[in-house]
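Here is a short note for a colleague who has not seen this structure before. Please read it with the model open alongside.

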Amino acid sequence: METIINGNYAGISFYDESSVQQLMSLLSVSSVKPDRFYLTGYETVFFNASRAFLLESVLSSVMNFEKELVIIRLSEHDDIYATLCDELDINYKIIDATDGNIDFLELEEGLVGNFRRSHYLVSGEILNIGEHLIYKLGDLLERYRVSLIVDCGYNPLLMKNVFQYNVDFMIANDNNNSNCSVVVARRSKLVQAEGNARTPGYDLYAHWQRSMKSREAIIEPMTA
C-alpha cells in the first residue's frame, strides 16, 4: 500500500489540502491552521488511508512487547480490536461492557499495582451510551498515568472534548472520504513512540516526523 502522509509519498508532493481542511474543521468550532495546531499540545498526522490502517499504526507504535492493552468491548464490532492484537502479538485484556455499563471499581482495581497495563482502547460508540462514561474513564486513566486511545470513526471528538476526556490518541475519518484519516496524538505520548513500531510501514512516529519535514514545520516555544 502506498501511504500518503500529509500529501507526500517518497518525496513527491500531492497535498490534498481540501481533505485536510475538512478534517480540521471537524476538530474545532473555530478555524485552526494545521501548521499552528501544535500549540494545543497535540499533533495531527494525516493519511490517505483507511482508519483501519491508522489503528494498526497506533497500536503497532505505542504498545511495547511487555505491556498490555485493555479493550473496552461495547459491541461485537469491537472484536476487530482483539483480532488486530492477535495479529500484532500485543498482550491484551477485554473488559465486556456490551450491556452499557462499565465497572469503574473493577477498572481501578486492575490498575492498582499493575504496571503492565499501559493503554486502554475504546470506540467512539461510548459517547452514544453516555458522555459521563468517557469522562470518568479519562479521569481514572489520567490519575494512573495510563493512556487512552479512542477510535472515533466518522465522528471525531472536538478538541475541547479531547482535552476534557484526557484522550491521548484519537483516530478518525473524513465524513466524505473514507481514505482520508487522521490521528490526533498528545505530543508527549507521541514522542515516546520513537523506535517502538513493530513494522516500519506502520511507524506512527516516523510518519509524524516525515510529515513535519515535508511541510517544513517548526515547533516554536510555548508561551504562557
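1. The model is predicted. Every value in this note should be read with that in view.

2. Start with the largest pocket, which has a volume of about 350 Å³. Its lining is made of 18 residues. To find the centre of the largest pocket, look for S118, H119, R145, S147 and Q192, which lie nearest to that point.

3. Two elements, α5 (126–129) and β7 (147–153), each contribute at least two residues to the lining of the second largest pocket. The largest share is that of β7, at 3 residues. Sorted by class, this lining comprises 4 nonpolar, 7 polar and 4 charged residues.

4. Turn next to helix α4 (residues 104–111) and helix α6 (residues 131–143). The axes of α4 and α6 come within 11 Å and cross at roughly 20°. Angles under 35 degrees count as roughly parallel, and α4 and α6 are therefore roughly parallel to each other. Their crossing is right-handed.

5. Which residues bring α4 and α6 together? On the α4 side they are F104, L107, E108 and L111, and these meet L133, K136, L137, L140, L141 and R143 of α6. The contact of α4 with α6 counts 7 nonpolar and 3 charged residues, with no polar ones.

6. The other pair is helix α2 (residues 51–62) with helix α3 (residues 79–88), whose axes come within 11 Å and cross at roughly 50°. That angle makes α2 oblique to α3. The crossing of α2 and α3 is right-handed.

7. In the contact between α2 and α3, the α2 side supplies L55, E56, L59 and S60, while the α3 side supplies Y81, L84 and L88. By class, 5 of these residues are nonpolar, 1 is polar and 1 is charged.

Conventions
Residues numbered from 1 in each chain as written. Predicted model: local features only at pLDDT ≥ 70, side-chain atom pairs only at ≥ 80, totals over all residues. Heavy atoms only, no water. 1 Å grid on protein atoms, 1.4 Å probe; cavity = no way out; pocket = protein on both sides within 12 Å on 5 of 7 lines; lining within 4 Å. Points joined across faces, edges and corners; volume = space filled by probe spheres on them. Helix = DSSP H or I, 4+ residues; strand = E, 2+ residues; numbered from the N terminus. Nonpolar A, V, L, I, M, F, W, Y, C, P; charged D, E, K, R; others polar. Axes fitted to C-alpha atoms, helices over the stretch in contact; angles between N-to-C directions. Parallel < 35°, antiparallel > 145°, perpendicular 65-115°, else oblique. Left-handed = near helix turned anticlockwise from the far one by under 90°. Contact = heavy atoms within 4.5 Å.
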